[in-house]
Amino acid sequence: MIPLQAYLIVAALMFALGAWGVTIRRNAVVVFMCVELMINAVNLTLVAFSDYLPKAHGAGSGYAVVVIAIAAAEVAVGLAIVIAVFRTRRTVNIDEIDSMKG
Amino acid sequence: MIAVFAVLACITLLSAFGVVISRSVVHSALFMAGAFLGVAGFYVMLHSPALAALQVLIYVGAVTVVILFGIMFTQKPQARRFRMILNRQVWGGFVVAAGVAAILIYVFLEQDWGGTSPGHGPRLVAQLGRILVGTGGAPQIFGLLFEVSSVLLLVATVAAIVISRRRPERPTERGGE
């Protein structure tokens with residue numbers, strides 16, 4: 001039997017890789033992908049808790065569904081913002097995008 | 001069981017590493033789909049096949065396609081050197097991420113989770129549905145969360161259309177618009 005901690009450690013490493021990508025990458029779309037990795041890592045912990053803790057009554061799975069919905073909304077709005085920024089500034093390099101107007 | 005877990009962990013973590021480190025943005029997107037598939041496999045191992053199906057449909061299907069569209073709309077000549085894709089904080093960011101991982105793993109291992117045993121999750125779609133509408137033992141707040149997230153999805157769809165719409169050029173420029 002695989003212990004609960006094994007899933008939690010995989011999720012922690014995945015979260016850390018996503019955080020590393022968010023801090024070092026320059027392309028805004030890749031930063032979005034790394035944020036998605038972090039969201040998936042959190043979802044993995046929630047589902048693991050839902051399966052392993054008897055008193056949770058499966059609440060973690062419900063939270064995971066809500067998180068998936070919110071992440072989908074975030075991707076839609078975030079990529080729309082990236083496309084709008086690219087249209088006005090012709091770049092998605094987040095080192096060069098440093099003002100909110102025009 | 002342990003072999004399956006090891007294979008899935010390797011797929012997930014190596015794909016996540018590939019997202020961070022690959023030079024081509026399209027390769028990053030494909031690695032991201034691989035990481036999502038690994039997580040879907042973990043959901044199957046955690047007795048949540050309905051969530052695994054949702055994961056494949058929404059993440060591997062929809063989110064990856066939306067991100068690929070975003071890449072196509074913002075395509076630039078491919079950067080061939082790491083200096084072009086990474087900023088100056090590579091090792092500083094690595095230290096921060098390693099610290100986050102170390103703290104999380106320390107907490108996860110030190111915390112006493114009580115009597116844990118697998119198999120308590122909602123295995124059937126009907127159980128998951130009852131949790132989502134607030135009955136079936138789970139907190140009743142899920143009924144509210146379900147409705148709020150549906151409204152949020154509608155608002156996000158309208159907002160994405162409004163933000164990314166191409167505005168007609170006007171001769172008289174007015175502020176704000």
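A: One begins with the elements of a chain: chain A holds 3 helices and 0 strands, in the order α-α-α from the N terminus. Helices (H or I, at least four residues) and strands (E, at least two) are DSSP runs, numbered from the N terminus. This is a predicted model, in which local features need pLDDT of at least 70 and side-chain atom pairs count only at pLDDT 80 or more, while totals for chains, interfaces and linings use all residues. Residues are numbered from 1 along each chain as its sequence is written, and chains are lettered from A and ligands numbered from 1 in the order in which they are written.

Q: Along its principal axes, what does the C-alpha trace of chain A span?
A: The trace spans about 55 × 25 × 15 Å.

Q: How does one read the side of chain A that touches chain B?
A: One looks for contacts, meaning that the C-beta atoms of two residues, placed from the backbone, lie within 7 Å. Here 65 residues of chain A are in contact with 76 residues of chain B. Helix 1 (4-24), helix 2 (28-52) and helix 3 (59-89) of chain A each supply at least two residues of that side, and helix 3 gives the most, with 21 residues.

Q: At what angle do helix 3 of chain A and helix 7 of chain B pack?
A: Axes are lines fitted to C-alpha atoms, for helices over the stretch in contact, and angles run from 0 to 180 degrees between N-to-C directions. These two helices pack at about 10°, with their axes 9 Å apart. Among the residues making the contact are A:Ala69 and A:Ala73 of helix 3 of chain A, and B:Leu152 and B:Ala156 of helix 7 of chain B.

Q: Which residues are buried in helix 7 of chain B?
A: A residue is buried if 20 or more other C-beta atoms, placed from the backbone, lie within 10 Å of its own, exposed if 12 or fewer, and partly exposed in between. In helix 7 of chain B, B:Phe142, B:Ser149, B:Ala156 and B:Ala160 are buried. Their cover includes helix 3 of chain A together with helix 6 (125-132) of chain B.

Q: Why does B:Ile71 count as buried?
A: B:Ile71 is buried because 22 other C-beta atoms lie within 10 Å. This residue belongs to helix 3 (residues 49-73) of chain B.
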